[in-house]
Amino acid sequence: MQQVSTQKKGVLGFLLGPSVFWLVIFFVAPLIIVLVVSFSKRSLLGVVEYDFNLQNYRRVFSDVIYLRIFWKSLWLAIVNTILCLVVAYPFAFYIARQTPSRQNFLIFLVMVPFWTNFLIRTYALIFIVRDTGLFNNFLIGLGIVDEPLVIMFTQTGVLLGMLYGYLPFAILPLYASIEQLDFNYVQAAQDLGASGVRVFLRIILPLTMPGVVAASIITFIPTMGAYVTPDLMGGGNTFLIGNLLQQQFMTVRDWPFGSALGIVLMILVLIATIIYFRKGGGRAF
Amino acid sequence: MVNVDVELQSVTKRFGDFIAVDNVSVQIYDGEFFSLLGPSGCGKTTCLRMIAGFELPSEGEVNIGGKSMGETPPFKRPVNTVFQNYALFPHMTIFENVAFGLEMKKVARSEIKPRVTEALEMVRLPQLADRRPRQLSGGQQQRIALARALVNRPQVLLLDEPLSALDLKLRKAMQLELKDLQQQVGITFIFVTHDQEEAITMSDRIAVMSDGRVEQIGEPLEIYERPNNRFVADFIGETNFIEGEVIENGSDSTLVGLGAGVQIPARASQEVSSGQTVTVAVRPEKISVHAAAPMNQGINVPATVEEAIYIGTDTRYTLRVAERHHVVARIQNVNSDLATNRFFKRGDLVHLSWDIDSALVLTS
């Protein structure tokens, strides 16, 4: 018996080894480095001086500019998450109600944009929505508007870019959970006198909650740290944590302050996620 | 005078090229326990779903309580359904499940609680109100599904093979319980099943279906004793089918030749003519086996014992009649005296007799 279990442990270690190694080298170690650096100092030349102090964190919480950036990022991430859910849910529902072969085809279409680099896709989106782009030319051509709608370099533009970028991430978990929904429950609810809206609110939505939770988290977390979209679509007018981080590391070369910002962002996302779960989003039955 | 509660008028349902229900007309009376019986794919569930409103007929009309349902959606029909797999909502407690229909009907909050409690007491499970469906056994879930439907006091209760997921013993108990419950509440029950024994035990009337058509509608006794055709005779219980040719068509009985000079009289429900090939149906338990030719009895068919199997309550004989027909007879073992109890053995020459009303001439 003893021998067998030792052997089993060996096999288990062999199988788990690569992933443990990977996590330690590329996840745990960098996290510790960032944590250590966040308590360090920046020398005049921009080099990290390992001299333990809380200066960076004090700066994050004392300057109202940084808190505003955090608040704006949080708010935009929440709005974007809600937009993604609202747009993705009907689409995921539609896919889940098709024949299996059609489902595969539609999921394939959802995945197609990933074949192209995100940056290139964002530039393509800019070509469509800018003042002299396809969308505005179309509206002006039809005489619906006289002046082009200004979308670029506004918060609306940033939201549009984020919605576009993260929509597939919302569709996939929603589809997975709607596809598993037993439609007998829907019929049972109709049989008991529930009309369409009430069937959705009382039966379909609660039963697909795991998908909604997964979709929310998977869109909320990356949008909190987004920087390409606000940079390109917002043109510097919408300055989020992602942009601030990028600026601190690449332009200002203040790694200790950048690290402190990163740690605060991480904790913020963690707290938001926990609150979301506690609020009943993750309630299992 | 009985009132018609649910009526299907020449209802046909097509799914693409497939005809699931073919010109079915049925009248179901108020307060009746009515069964739709047939093998899988015969269209019985589709009929039920058209009454519930989950499917709309391709042709014909569904009337409930004298009103044409047209395209009325399920949530506006005065019926409730007990689903085959119960479909209890997994995210709600048992109480919430049972209260759901009342909430949807906007019944006052103060009235919901007593009515749910009453429904749970009716199925004798009031102690489970706070549990979740997955914590219940199959039999308990089945009863909760019943309570969830009956709490709404529907005009008609539809039951889609509700007992098929239960084990045999529980199923037997639930058959009686369901029948009791139906008499207690007085609601029309429409019960879909593929189990002929279940249908016979529980129903006031049965519609036997096959290939989308209704083969026969009648009381259990009528269906069993006077099947209209070969399908019904075969599907309900066990039957011997003996092929023969009409020799003489009398007013009272029809004489059928089985070959090798053997002739038997039988009752014909349809018109037959001399020389027509027909099937005579006789149930195994209606046949008596004698050592010598019985005196003063109309029917006397010589036979050879091919096989005799003792199965406790009965002895089951396979007999050869007129050289080419195999007939099964089931003789009840009334006598328990080992010494005098006499069984026939393989190769014995015997005489078969039965009541003339037990032999039916079937043409299809």
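Asn249(B) stands opposite Thr254(B) in β12(B), and this pair belongs to a strand pairing in a predicted model. Strand β11 (residues 240–249) and strand β12 (residues 254–259) of chain B pair in the antiparallel sense over four bridges. Strands and helices here are DSSP runs, with H or I of at least four residues for helices and E of at least two for strands, numbered from the N terminus; two strands count as paired if DSSP finds at least two bridges between them.

A word on conventions: residues are numbered from 1 along each chain as its sequence is written, while chains are lettered from A and ligands numbered from 1 in the order in which they are written. As this is a predicted model, local features need pLDDT of at least 70 and side-chain atom pairs count only at pLDDT 80 or more, whereas totals for chains, interfaces and linings use all residues.

**The barrel of chain B**

- β11 and β12 take part in a closed barrel of five strands, which runs β11-β12-β13-β20-β14 in chain B with mixed pairing.
- From one strand to the next, the twist averages 55°; the axes behind such angles are lines fitted to C-alpha atoms (for helices over the stretch in contact), and angles run from 0 to 180 degrees between N-to-C directions.

**The open sheet of chain B**

- Chain B also has an open sheet of six strands, in the order β6-β7-β8-β3-β9-β10, again with mixed pairing.
- At its edges are β6 (79–82) and β10 of chain B, each of which pairs on one side only.
- Direction ignored, neighbouring strands of this sheet are turned by 20° against each other on average.
- Strand β7 (residues 156–160) and strand β8 (residues 188–193) of chain B run parallel and are joined by five bridges, with Val156(B) opposite Thr188(B) in β8(B).
- Strand β3 (residues 33–37) of chain B also runs parallel to β9(B), through four bridges; there, Phe34(B) has Arg205(B) as its bridge partner.
- Met209(B) stands opposite Val214(B) in β10(B), and Ser210(B) has Arg213(B) as its bridge partner.
- These two strands, β9(B) and β10(B), form a hairpin with two residues between them, and Asp211(B) in the turn has a positive phi of about 50°.
- Because five of its six residues are buried, β9(B) is largely enclosed by the rest of the structure. (Buried means that 20 or more other C-beta atoms lie within 10 Å of the residue's own, exposed means 12 or fewer, and partly exposed is in between; C-beta atoms are placed from the backbone.)

**Helix α2 of chain B**

- In helix α2 (residues 94–104) of chain B, the buried residues are Ile94(B), Asn97(B), Val98(B), Ala99(B), Phe100(B), Gly101(B) and Leu102(B).
- Their cover includes β6, α3 (109–122) and α4 of chain B.
- Just after this helix, Lys106(B) takes a positive phi of about 60°.

**Nonpolar cores**

- The largest nonpolar core has 107 residues, of which Ile51(B), Ile190(B) and Val280(B) touch the most other members. (A nonpolar core is a set of buried Ala, Val, Leu, Ile, Met, Phe, Trp, Tyr and Cys residues joined through C-beta atoms within 7 Å.)
- Helix α4 (residues 138–150) of chain B gives the most to this core, with six residues.
- At least three residues of this core come from each of domain 1 (4–234) and domain 2 (241–362) of chain B; these bounds come from an automatic or database domain assignment.
- Leaving aside residues up to four places away in sequence, Ile51(B) touches Val6(B), Val62(B), Val79(B), Leu158(B) and Ile190(B). (Two residues are in contact if their C-beta atoms, placed from the backbone, lie within 7 Å.)

- In chain B, the C-alpha centres of domain 1 and domain 2 lie 40 Å apart.
- Their contact takes four residues from domain 1 and five residues from domain 2 of chain B.
- Between the chains, the contact takes 15 residues from chain A and 18 residues from chain B.
- On the side of chain A that touches chain B, α8 (183–191) and α9 (196–207) of chain A each supply at least two residues, and α8(A) gives the most, with six residues.
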